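Subject: Handover of a structure, with findings

Dear colleague,

Please find the structure below, for your review. My notes on it follow directly after.

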Amino acid sequence: MDFSSKLLENAVNEVSRLPGIGKRTALRLVLHLLKQPKENTKYLTEALTHLRNDVKSCKKCHNISDTVLCDICSNPKRNAEIVCVVEDIRDVMAIENTAQYRGLYHVLGGKISPIEGIGPQNLQIESLVEKVKEGEIKELIFALSSTMEGDTTNFYIYKQIEQYGVKTSTIARGISVGDELEYADEVTLGRSIVNRIPFENSLKH
């Protein structure tokens, strides 16, 4: 791709680093920004700068937050005895959109994937086990995507907390095998949360 401007080329190269953005899409986005008032670009860069510098990780659930404790963890109306284990913030948002769940979350930050070099030590699993040890949690809901990596992660956590007698369940398989949670429609995902099954049952299939 030939560019008439080095500045344009640099901008396109940086935008194309984003996931799912190719060079042609990056060019279209950059040219769109050039057509906008300079203030719009300023607002965008300021928002991204503030995000990068000021965003926090909730010290309790590891969700992305503006404060030390996220809005969900600090809400006294949430049921602290039930914790839904998810991969990242996109899954929290997907489940919250169903309006069917009133417990808390624990964001792992990924799934165990030896191929990608991601092991249990790279995820927020140890802090989850510590929560279970404290005895406040009565049920863990495994809500990871129904992929091999998701099932492996579920099973690893299950073995880590098995001795503490906490109830474990997994979302019902209204979510197709291999599907990512964030792409499930809200009705199906909501029903999967409500109709969750004991995790031990999922090991028999």
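Helices here are DSSP runs (H or I, at least four residues), as are strands (E, at least two), and both are numbered from the N terminus. The model is a predicted one, in which local features need pLDDT of at least 70 and side-chain atom pairs count only at pLDDT 80 or more, while totals for chains, interfaces and linings use all residues. Residues are numbered from 1 along each chain as its sequence is written, and side-chain values use heavy atoms, with hydrogens and water left out.

S16 counts as buried because its relative accessibility is 19%; buried means under 20% relative accessible area, exposed over 50%, and partly exposed in between (1.4 Å probe, protein chains only). Apart from its neighbours within four places in sequence, S16 is in contact (heavy atoms within 4.5 Å) with I21, G22, K23 and A26.

The pairing of helices 1 and 2

Two packed helices are described by the angle between their axes and the distance between those axes. In this model the axes of helix 1 and helix 2 come within 8 Å and cross at roughly 120°. Axes are lines fitted to C-alpha atoms, for helices over the stretch in contact, and angles run from 0 to 180 degrees between N-to-C directions. The angle therefore makes helix 1 oblique to helix 2, given that angles under 35 degrees count as roughly parallel, over 145 as roughly antiparallel, 65 to 115 as roughly perpendicular and the rest as oblique. The crossing of helix 1 and helix 2 is right-handed, that is, the near helix is turned clockwise from the far one by less than a right angle.

Helix 1 contributes L8, A11, V12, N13 and V15 to the contact, and helix 2 contributes K23, A26, L27, L29, V30, L31 and L34. By class, the residues of the contact of helix 1 with helix 2 are 10 nonpolar, one polar and one charged. Here Ala, Val, Leu, Ile, Met, Phe, Trp, Tyr, Cys and Pro count as nonpolar, Asp, Glu, Lys and Arg as charged, and the others, Gly among them, as polar.

L34 belongs to helix 2 and is exposed, with a relative accessible area of 63%. Its C-alpha atom lies 9.6 Å from that of L8, and L34 and L8 are 26 residues apart in sequence.

The largest nonpolar core

A nonpolar core is a set of buried Ala, Val, Leu, Ile, Met, Phe, Trp, Tyr and Cys residues joined through side-chain atoms within 4.5 Å. The largest one has 36 residues, of which C84, V86, I95, Y101, Y105, L140 and I157 touch the most other members. At least two residues of this core come from each of strand 3 (79-86), helix 4 (89-96), strand 4 (103-107), helix 5 (126-134), strand 5 (139-142) and helix 6 (148-161). Strand 3 gives the most, with five residues.

Loop residues

The loop between helix 4 and strand 4 holds T98 and A99. T98 is buried, at 9% relative accessible area, whereas A99 is exposed, at 64%. A99, a residue other than glycine, has a positive phi near 60°.

Yours sincerely
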